[in-house]
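The sequence and structure are shown below.

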Amino acid sequence: MANIDIRLLRYFIAVAETGHMTRAAERLGIGQPPLSQQIRVLETQLGVTLFERLPRGMALTDAGQAFLGDAYDVVRKLDQAVDDVRRVAAGVKGRLAVGFTSSSALHPFVPAVIRAFRADAPAVSLMLDESSTTELLDGLRDGQLDAVFIRQPLGDIAQIAILPVLEEPMVLAVPSSHPLALKGRAGKAAVPLMALSAEKLILYRRRTGQGLYDAIIAACHGAGFSPHIEQEAPRLPSTLSLVAAGLGVSIVPASLMRMQVEGIVYRPLTPAPRAPLHFAYRDGVLAGPTARLLDHVRTAAKTGGWGDVSLLNEMSGVSGKSGKRGR
């Protein structure tokens, strides 16, 4: 099998297209004698005569004419392969798997960054995955995910880079008929966290949202009481549904106020537990779509310009999957 240098094919094509050795050499930016030598090398490697040498130029032989089409295909495919790999390295082509917890995805920062990335790199195949923090970090380690948005890093985060993005206050969610809600209609005064010591608390399930859960418990203990946890809901939206049904009150990130659940009133708390948002990815030299997404995250975190957008509307326009990953 002939081991033919791609440059020989380019030289052959130039001579075939110009029909003249000197003009082909000028196009290629090399001397005419070296070009003639390289064409002879190609003919020797193939074992055929590609050109008929004429007094005023070069004409393809039948073998040369047959070889020209294949030479075009090889050069075109190689050029396409080089362009593709460079586009992948630049982050504008390829595949990107992004995970998020349900609470982190409800902050407008996440859909705004995803939207900006899609506009910047529409050729990237984007897959979205919602799961618990532990599962998302496991997905990073085993290569199923490229980057994740989480509230709080947990457990072993070796070989995982964590970028703090923002921090938001948590607020009280109460049924609209609750005394704290009725009091809130007369003003915007914050509710003392200690006022929840006698309330039935509905929280986002710990194994799904351990970071937020632990932050709430720690804040209650810091205020001087142990909370009475009535129920744990599997998702934040279901937490709000239980509150709206009058089964208790909850403490949720302020970004959830955008959901506008009927039957719920939100009140500020003092002191207010904090809900951070982090962006995590595999540590090491980054390239491709993950590096490009990281640039968008850093820019949005720095400027704070993610706007007042609805996650539900934004996420509905992103191709991919949502839900618990099969593991």
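## Packing of H1 against H2

In this predicted model, helix H1 (residues 6-18) packs against helix H2 (residues 21-28) at an angle of about 130°, and their axes lie 8 Å apart. H1 and H2 are therefore oblique to each other, and their crossing is right-handed.

On the H1 side, the contact is formed by Arg-10, Tyr-11, Ala-14, Val-15, Glu-17 and Thr-18. H2 contributes Met-21, Arg-23, Ala-24, Arg-27 and Leu-28. Sorted by class, the residues of this contact comprise 6 nonpolar, 1 polar and 4 charged.

## Packing of H1 against H3

The crossing of H1 past H3 is left-handed. Leu-8, Tyr-11, Phe-12 and Val-15 of H1 touch Leu-35, Gln-38, Ile-39, Val-41, Leu-42 and Gln-45 of H3. This contact holds 8 nonpolar and 2 polar residues, with no charged residues.

Val-41 and Leu-8 are 33 residues apart in sequence, and their C-alpha atoms are 8.3 Å apart in space.

## Packing of H6 against H11

Helix H6 (residues 109-120) and helix H11 (residues 288-303) pack at about 130°, with 10 Å between their axes. H6 and H11 are therefore oblique to each other, and they form a right-handed crossing.

H6 makes this contact through Phe-109, Val-113, Ala-116, Phe-117 and Asp-120. The partners in H11 are Pro-289, Arg-292, Leu-293, His-296, Val-297, Ala-300 and Ala-301. By class, the contact consists of 9 nonpolar, 1 polar and 2 charged residues.

## Nonpolar cores

The largest nonpolar core contains 26 residues. Within this core, the residues with the most contacts are Val-98, Phe-109, Phe-149, Phe-279, Leu-293 and Val-297. At least two core residues each come from strand E3 (94-100), H6, strand E4 (124-130), strand E5 (147-150), strand E6 (160-175), strand E12 (274-282) and H11. H6 supplies the largest share, 5 residues. Phe-109 of H6 and both Leu-293 and Val-297 of H11 also take part in the contact between these two helices.

Leaving aside residues up to four places away in sequence, Phe-279 touches Ala-147, Val-148, Phe-149, Ala-161, Ile-162, Leu-163, Val-165, Leu-293, Leu-294 and Val-297. A second, separate core has 22 residues, among them Met-170, Leu-203, Ile-217 and Ala-275.

## The chain as a whole

The secondary structure of the protein chain consists of 12 helices and 12 strands. Of its 327 residues, 45% are buried. Among contacts between residues at least 6 apart in sequence, 75% join residues at least 24 apart.

Definitions and conventions: Residues are numbered from 1 along each chain as its sequence is written. This is a predicted model: local features need pLDDT of at least 70, side-chain atom pairs count only at pLDDT 80 or more; totals for chains, interfaces and linings use all residues. Side-chain values use heavy atoms; hydrogens and water are left out. Axes are lines fitted to C-alpha atoms, for helices over the stretch in contact, and angles run from 0 to 180 degrees between N-to-C directions. Helices (H or I, at least four residues) and strands (E, at least two) are DSSP runs, numbered from the N terminus. Angles under 35 degrees count as roughly parallel, over 145 as roughly antiparallel, 65 to 115 as roughly perpendicular and the rest as oblique. A crossing is left-handed if the near helix is turned anticlockwise from the far one by less than a right angle, and right-handed if clockwise. Contact means heavy atoms within 4.5 Å. Ala, Val, Leu, Ile, Met, Phe, Trp, Tyr, Cys and Pro count as nonpolar, Asp, Glu, Lys and Arg as charged, and the others, Gly among them, as polar. A nonpolar core is a set of buried Ala, Val, Leu, Ile, Met, Phe, Trp, Tyr and Cys residues joined through side-chain atoms within 4.5 Å. Buried means under 20% relative accessible area, exposed over 50%, partly exposed in between (1.4 Å probe, protein chains only).
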